[in-house]
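Try each task before you read its solution.

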Amino acid sequence: MSSEKRYQGRVAIVTGASSGIGLETARLLARSGATVVAVARREERLAALLAQLQADSPDSIYLAGDISDKAFAGGVVQQVAEQFGRVDILINNAGVPLHRMIYKITADEAEAVMRTNFLSCLWTSFAAIPFMLRDGGGIIVNVSSFGSKVPPTHEAVYVASKCAMNGFTRGLWGDLQGSGIHAMLVHPGPIATEIWSKLDEPGAYSGEVYPADLVARQLLAAMDKREFEIVLPRWNFKLWIARWLYAIAPSVVRAGVAKMDPVNQDEVEALRQRLIKTP
Ligand SMILES: NC(=O)c1ccc[n+]([C@@H]2O[C@H](COP(=O)([O-])OP(=O)(O)OC[C@H]3O[C@@H](n4cnc5c(N)ncnc54)[C@H](OP(=O)(O)O)[C@@H]3O)[C@@H](O)[C@H]2O)c1
């Protein structure tokens, strides 16, 4: 089999495939011969993607729905296993941003982010592991965030959702030893996707952003080698320095990050005054 078609006969689920990193990863997997199941909410986007996927991998399908719904998330895996007889690769990539001060986030909003960004990967993994075990193995790739390594300001809940994913994946990596199932954690840095236009308050990041297709290529290359945890893009000096500095002097990084995206003290004071009057 040519290395271009190295995933021929494999079935891969990619969540969050209607744009950005998920879309590019789905395309690459189809080009590599995998039957791709593209998952997201926006059906028209998935239908457009499907035409491209099927040019490389005719059996590919899409399943439209909300991955933050437990029944849908588990149901995707069940349906794929019934239709194709197997689930070889699960890429938990769907995610939403939340860029807002902690004082202005409700508990329900925080829960919604945890459901989409973290619980969905837990539900799909629980559903997929028995099929992978039955068939001798599989790969679970969880797309976390560089923000879980070096937290930006205004993103406590988003970072929490990704740190939960980190913990779950690291645990899986340990627990799945000898099972043939490989768990893998991917931390994208700033990547040029539509996620930036979904920030509920304008983000202040103005540094370099990297293309989503580069991330997809590097993700697949790392998956081929069964690597465990990677930051993408790879070998990036700025990301490396930020991680290193955060490990040895987190308060220096906190000050630097707060300079880039300041916490508005007037806003905090106004809120304090309001709470003093009406707790
Ligand atoms: N871009 C970056 O700079 C960056 C950095 C670090 C980490 N990441 C992570 O990388 C992953 C991909 O993000 P991206 O940058 O490619 O963003 P994106 O272009 O906004 O893509 C997000 C994908 O998730 C899907 N999605 C969101 N909520 C969903 C839900 N409830 N049910 C089903 N699908 C849902 C979206 O599809 P629908 O809206 O059609 O449902 C879309 O396909 C995310 O987990 C993100 O946190 C991105």
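**Exercise 1. Find what share of the chain's contacts with a separation of 6 or more joins residues 24 or more positions apart.**

Solution. Start with the contact rule: heavy atoms within 4.5 Å. Next, keep the contacts with a separation of 6 or more; residues 24 or more positions apart make up 70% of them.

A word on the source: this is a predicted model, where local features need pLDDT of at least 70, side-chain atom pairs count only at pLDDT 80 or more, and totals for chains, interfaces and linings use all residues. Residues are numbered from 1 along each chain as its sequence is written, and side-chain values use heavy atoms, leaving out hydrogens and water.

**Exercise 2. Work out which residues touch the most other members of the largest nonpolar core.**

Solution. First, collect the buried (under 20% relative accessible area, 1.4 Å probe, protein chains only) Ala, Val, Leu, Ile, Met, Phe, Trp, Tyr and Cys residues, and join them through side-chain atoms within 4.5 Å. The largest core then holds 35 residues, with Leu29, Ile91, Val141, Leu219 and Met223 touching the most other members. Helix α6 (residues 212–224) supplies the largest share, seven residues.

**Exercise 3. List what Met223 touches, not counting residues up to four places away in sequence.**

Solution. Apply the contact rule to Met223: its partners are Tyr7, Leu29, Ile89, Ile91, Ile139, Val141 and Met184. Then look for a second, separate core: this one has 32 residues, including Phe72, Val80, Met165 and Ala183.

**Exercise 4. How much of the chain is buried?**

Solution. Counting over the 279 residues gives 49% buried. For the overall extent, the C-alpha trace spans about 65 × 40 × 35 Å along its principal axes.

Conventions:
Buried means under 20% relative accessible area, exposed over 50%, partly exposed in between (1.4 Å probe, protein chains only). Helices (H or I, at least four residues) and strands (E, at least two) are DSSP runs, numbered from the N terminus.
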